[in-house]
Structure formats: C-alpha cells, structure tokens
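These are my notebook entries on one structure, written for someone who has not seen it before. I looked up one point at a time and wrote down what I found.

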Amino acid sequence: MHNEKEQLLEKFGTWIDFVGSLERNSESVWDQPLAEGKWSVRGVVSHIMKWDEYFLNEAILKISRGEPLTSKHLDYDEFNEEARRYGESCPVSRLADETKRLRQELIRHIRSLSEDQYERAYTDGDGNPFELTAYLKDFIWHDEHHIVQISPLLE
C-alpha cells in the first residue's frame with residue numbers, strides 16, 4: 001500500500017508543476033476562457049486551490065490530528081462560483097503561490113500519516129465514507145481533466 005500511496009502523491013503533485021509552468025505565461029493567458037462561455041484559466045486554478053484548501057482544513061488536518069472530519073457535501077455550484085470570484089480578484093502571482101503551497105501542504109500531511117491512518121475508512125460530516133485513496137484518485141482525475149482543458153491555451 002505504501003508504494004501506491006507514494007505513486008498517488010506523486011501524481012497529485014503534478015498539479016504543482018503544472019501551475020509552475022502556468023506562471024511563465026502572461027496574465028492574458030490566465031484571463032483567457034477555456035472556451036466560449038467557460039471559466040478563465042485563473043478561475044479554474046482558483047477552483048482547484050479552494051477545493052484543496054477545503055479538504056486540507058475539513059478532512060486531512062482532522063485525520064492527522066485524530067479529530068472527526070467536518071467535510072460535507074456542499075452546493076458545488078455555489079462553492080465553485082465563490083472560488084472563481086476569488087481567483088478573478090487575486091493577483092496571478094499570489095494565486096499561483098497559494099495554489100502550490102496548499103497542494104504541497106496536502107501532500108506533506110498525507111505523506112506523514114501512518115499506514116493505518118492512510119488506509120482507514122473515515123466518516124465525513126454527513127456520515128458518508130471518506131477514504132484517502134479514493135480522494136487522491138478523484139482529485140488526480142479532476143486535475144488531469146483541467147490540465148487537458150488548459151494546455152492548448154498556453155503560450
């Protein structure tokens with residue numbers, strides 16, 4: 001299981017490198033919509049960053065401290081819209097730094113968990129199961145989905 005955990009964390013970390021590569025692009029790339037009527041690159045990066053922040057605070061830190069999880073099913077549209085608005089109001093350099101820092105923090109905390117802590121099934125704030133392997137796989141897929149959307153826009 002340790003090997004799978006490390007492989008997942010490595011894949012989860014590719015988002016950090018991708019955001020680093022995004023930083024080398026002009027602000028106009030960050031402000032470009034993914035497609036007609038879609039969010040900007042900046043909005044998508046902020047959206048992922050805010051989900052990282054949410055799961056760090058409501059699940060991962062709780063697991064590492066042995067506390068009950070407080071993550072719950074949220075109104076995704078409302079959460080995502082708030083995240084997008086945050087990104088639109090935030091300087092690109094700060095958004096990129098926060099995004100990388102939060103993902104690094106998530107990885108550091110997950111990596112520091114014992115095998116038992118990592119493999120255990122937890123219960124979230126709604127009473128639903130929360131498993132770290134599933135969380136990582138879901139968000140790796142989510143990252144890759146957005147990387148595929150953003151990559152053609154890069155300079």
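**Entry 1: a first residue.** I began with a question: is Glu119 buried, partly exposed or exposed? I found that Glu119 is partly exposed, because its relative accessible area is 42%, where buried means under 20% relative accessible area, exposed means over 50%, and partly exposed is in between (1.4 Å probe, protein chains only). Glu119 has its place in helix α7, which covers residues 115–119; for helices I used DSSP runs of H or I with at least four residues, and for strands runs of E with at least two, numbered from the N terminus. I also looked up the distance to His2, and noted that Glu119 and His2 are 117 residues apart in sequence and 9.6 Å apart in space, from C-alpha to C-alpha.

**Entry 2: what I am reading.** I am working with a predicted model, in which local features need pLDDT of at least 70 and side-chain atom pairs count only at pLDDT 80 or more, while totals for chains, interfaces and linings use all residues. Residues are numbered from 1 along each chain as its sequence is written, and side-chain values use heavy atoms, with hydrogens and water left out.

**Entry 3: the whole protein.** I counted up the elements next and found eight helices and two strands, which run α-α-α-α-α-α-α-β-β-α from the N terminus on. The C-alpha atoms fill a box of roughly 45 × 30 × 25 Å along the principal axes. With 155 residues, a compact globule would have a radius of gyration near 15 Å, and the 16 Å of this protein agrees with that; the radius is taken over C-alpha atoms, and the globule rule is 2.2 Å times the number of residues to the power 0.38. Of the 155 residues, 48% count as buried. I then looked at contacts, meaning heavy atoms within 4.5 Å, and noted that among those between residues at least 6 apart in sequence, 76% join residues at least 24 apart.

Entry 4: I turned to Phe130, which has its place in strand β2 (residues 129–130) and is buried, with a relative accessible area of 8%. Leaving aside neighbours within four places in sequence, I found Phe130 in contact with several residues, among them Phe55, Ile63, Leu69, Tyr122 and Tyr135. Lys137 lies in helix α8, residues 132–150, and counts as partly exposed at 44% relative accessibility. Not counting residues up to four places away in sequence, Lys137 touches Glu4 and Leu8.

**Entry 5: charges.** The protein has 19 positive and 31 negative side chains, and I noted that the centres of the two sets lie 3 Å apart. In this count Lys and Arg are positive and Asp and Glu negative, while His and the chain ends are not counted; the place of a charge is NZ of Lys, CZ of Arg, CG of Asp or CD of Glu.

**Entry 6: salt bridges.** How many salt bridges are there? Taking a salt bridge as a side-chain nitrogen of Lys or Arg within 4 Å of a carboxyl oxygen of Asp or Glu, I read a count of 15 salt bridges.

I looked closely at the one between Glu23 and Lys100, where the closest N and O atoms are 2.6 Å apart. Glu23 lies in the loop between α2 (14–22) and α3 (27–30) and Lys100 in helix α6 (residues 92–112), so the pair ties together parts that are 77 residues apart in sequence. Glu23 counts as partly exposed at 30% relative accessibility, whereas Lys100, at 19%, counts as buried.

A further salt bridge joins Glu67 and Lys62 at 3.9 Å, N to O. Here Glu67 is partly exposed, at 32%, and Lys62 is buried, at 17%.

Last, I noted Arg84 and Glu81, whose side chains meet in a salt bridge of 2.5 Å, N to O. Both lie in helix α5 (residues 76–89), three residues apart, which is about one turn of the helix. Salt bridges that share partners join Glu81, Arg84, Arg85 and Glu88 into one network.
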